[in-house]
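Subject: Structure for you to look at

Hello,

Here is the structure I said I would pass on. Please open it beside this message as you read.

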Amino acid sequence: MVQYSNLKYAIKDHIGYVIINREPQLNALNQETLDELQDIFKHFNSDDHVRGIILTGAGHKAFAAGADIKEFMDLSVIQARWLSERGHIIFTDLIEASPKPVIAAINGYALGGGLEMALACHIRIASENAKMGLPEVSLGLIPGYGGTQRLPKLIGKGQAMQMILTGDMIDAQRAYELGLVNEVIAQDKLIARAEEILQKIFTRSRVAVANAIAAINAAEDKEQNGNKVEMDAFGHLFGTEDFKEGVSAFLAKRTPNFE
């Protein structure tokens with residue numbers, strides 16, 4: 001097992017757990033942490049034993065309180081552009097495009113890059129104490145890891161404009177009202193609820209879930225025709241053993257046993 005400096009991870013009951021482990025720094029995302037996130041998501045995405053992933057932060061205060069601002073001070077314009085591109089690659093190619101459902105269990109502050117990381121996940125649930133925001137304008141910056149692109153798609157352009165241009169935080173209940181998170185859960189039940197959601201997904205066809213994720217993502221990808229991706233996937237699934245099992249189980253009024 002690989003030992004990381006800034007992450008803890010585990011696999012249990014087909015769930016891969018990724019925990020940002022920089023609690024004294026409120027789990028801020030420094031460049032080393034991004035390296036480790038890239039590595040662990042590559043590993044989990046390719047591990048057939050892992051069927052879903054829960055991403056959270058250590059402790060009870062923060063999911064991830066943004067980037068590590070100290071690292072910004074000496075970056076050149078070119079280096080800053082590359083840092084943003086790297087964040088996009090990790091969050092888009094490895095988290096958002098993961099064929100396995102990824103749940104962000106937001107257990108406290110999710111700010112800046114931390115919120116952008118949560119936005120890349122397929123499902124977001126938050127503890128009652130969670131607070132979310134994109135405060136980059138207060139530093140003379142803008143969100144650089146996809147926040148300007150993903151937030152408007154989730155909560156609408158006007159609400160996203162207000163959050164990004166003011167840099168204000170919102171609490172978990174407001175995030176739920178806006179559609180930024182799917183559920184608000186008591187802190188001590190957060191991980192259990194994420195596990196419950198994944199275990200229900202695991203009773204469905206694995207290949208169908210992966211294709212559903214790809215089709216949903218294609219709707220927002222300007223380089224793909226989402227309708228074509230959906231039609232191709234729909235046709236492809238008719239040739240799978242899972243489809244045969246699913247239909248047989250439905251007609252026989254029994255629970256399907258997807259392999």
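Below are notes on a cavity, a surface patch and some salt bridges.

This is a predicted model, in which local features need pLDDT of at least 70 and side-chain atom pairs count only at pLDDT 80 or more, while totals for chains, interfaces and linings use all residues. Residues are numbered from 1 along each chain as its sequence is written, and side-chain values use heavy atoms, with hydrogens and water left out.

Cavity

Rolling a probe the size of a water molecule over the atoms shows where empty space is left. A cavity is a set of points on a 1 Å grid over the protein atoms alone where a 1.4 Å probe fits but cannot get out, and its lining residues have an atom within 4 Å of a point. The structure has one cavity of 30 Å³ or more. The volume of the largest cavity is about 30 Å³, this being the space filled by probe spheres set on the grid points, which are joined across faces, edges and corners. Its lining includes L29, L34, F72 and Y145. Six lining residues are nonpolar, two are polar and two are charged (nonpolar: Ala, Val, Leu, Ile, Met, Phe, Trp, Tyr, Cys and Pro; charged: Asp, Glu, Lys and Arg; polar: the others, Gly among them).

Surface patch

F234, F238, F243, V247, F250 and L251 make up a nonpolar patch on the surface, together giving about 660 Å² of accessible area (Shrake-Rupley method, 1.4 Å probe). Such a patch takes residues with over 30% relative accessible area and no salt bridge, with nonpolar side chains joined within 5 Å. Helix α10 (residues 241-252) gives the most, four residues; helices are DSSP runs of H or I with at least four residues. V247 is in helix α10 and is partly exposed, at 34% relative accessibility (buried is under 20%, exposed over 50%, partly exposed in between).

Salt bridges

There are twelve salt bridges, each a side-chain nitrogen of Lys or Arg within 4 Å of a carboxyl oxygen of Asp or Glu.

- E85 and R81 pair at 3.0 Å, N to O. They are four residues apart in helix α2 (residues 77-96), so about one helical turn separates them. R81 is exposed at 54%, and E85 is partly exposed at 34%.
- K244 pairs with E241, their closest N and O atoms being 3.3 Å apart. They lie three residues apart in helix α10, so about one helical turn separates them.

Regards

Methods. 1 Å grid on protein atoms, 1.4 Å probe; cavity = no way out; pocket = protein on both sides within 12 Å on 5 of 7 lines; lining within 4 Å. Patch = residues over 30% accessible without salt bridge, like charges linked within 9 Å, V, L, I, M, F, W, Y side chains within 5 Å. Helix = DSSP H or I, 4+ residues; strand = E, 2+ residues; numbered from the N terminus. Buried < 20%, exposed > 50% of the residue type's maximum accessible area, 1.4 Å probe, protein only.
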